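Please keep the sequence and the structure at hand while reading.

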Amino acid sequence: MTGRTRRKFSGRDMAMILVGGFAVVFAVNFTMAALATRGFGGVVVENSYVASQNFNGWLSAERAQERLGWSVEIGRGDDGRLVIETVGAPQAADVSAHLRHPLGQKDEVDLTFQASGKDRYRSDQPMPAGRWIARVTIVSGSNRWVGEQHVE
């Protein structure tokens, strides 16, 4: 032996381990709770029961929309305007878009469009910088198509 004596493990040592362990758990929990509340953009529907009553109607509308065969490609032009290219939609269709921020941190924006070539539409105003979810609506007579895409 080297002449060293071992110190006894005391109740104070155990208390320090317990306090330190719980301090770590509390710190992690509070950090995760703060991050979760800052990142949540809000509710999807105000009343889930009422939304469930409308579900079959939404399903029928989706099937009717699929039968139209319309689709869109969305992008941001060099000038910051939203560019929509349609496939299968009539030339005289009305096109509009509603932009919302993925986390709800910025004000929502409505855009109107003008035709800028065959099956191509450009927004009347530039869209705000950043990442957005664009909900595009195309209306032609009694036919209506709605779709969402992310735009950066």
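Two strands are said to pair if DSSP finds at least two bridges between them, and strands themselves are DSSP runs (E, at least two residues) numbered from the N terminus. The model is predicted, so that local features need pLDDT of at least 70 and side-chain atom pairs count only at pLDDT 80 or more, whereas totals for chains, interfaces and linings use all residues. Residues are numbered from 1 along each chain as its sequence is written, and side-chain values use heavy atoms, with hydrogens and water left out.

**The sheet**

- Strands of a sheet pair through backbone hydrogen bonds, in either a parallel or an antiparallel way.
- Seven strands form an open sheet in the order β1-β2-β5-β4-β3-β6-β7, and their pairing is antiparallel.
- Because β1 and β7 (143-151) stand at the edges with a single partner strand each, one side of each is left without a neighbour in the sheet.
- From one strand to the next the twist averages 25°, where axes are lines fitted to C-alpha atoms and angles run from 0 to 180 degrees between N-to-C directions.
- Nine bridges join strand β6 (residues 132-140) to β7 in the antiparallel sense, and Ala134 stands opposite Gln149 in β7.

**Salt bridges**

- Side chains of opposite charge can pair when their charged atoms come close.
- Seven salt bridges are found in a search of the whole structure, the term meaning a side-chain nitrogen of Lys or Arg within 4 Å of a carboxyl oxygen of Asp or Glu.
- One of them joins the side chains of Asp79 and Arg122, with an N to O distance of 2.7 Å.
- This pair links distant parts of the chain, 43 residues apart, since Asp79 lies in the loop between β1 (71-76) and β2 (81-87) while Arg122 belongs to strand β5 (residues 120-126).
- A network of salt bridges links Asp79, Arg81 and Arg122.
- Arg7 and Asp13 also meet in a salt bridge through their side chains, at 3.2 Å from N to O.
- Lys118 forms a salt bridge with Asp119, and their closest N and O atoms are 3.2 Å apart.

**Accessibility of the charged residues**

- Buried means under 20% relative accessible area, exposed over 50%, and partly exposed in between (1.4 Å probe, protein chains only).
- Asp79 is partly exposed at 38%, and Arg122 counts as partly exposed at 23%.
- Lys118 counts as exposed, with 66% relative accessibility.

Conventions. Helices (H or I, at least four residues) and strands (E, at least two) are DSSP runs, numbered from the N terminus.
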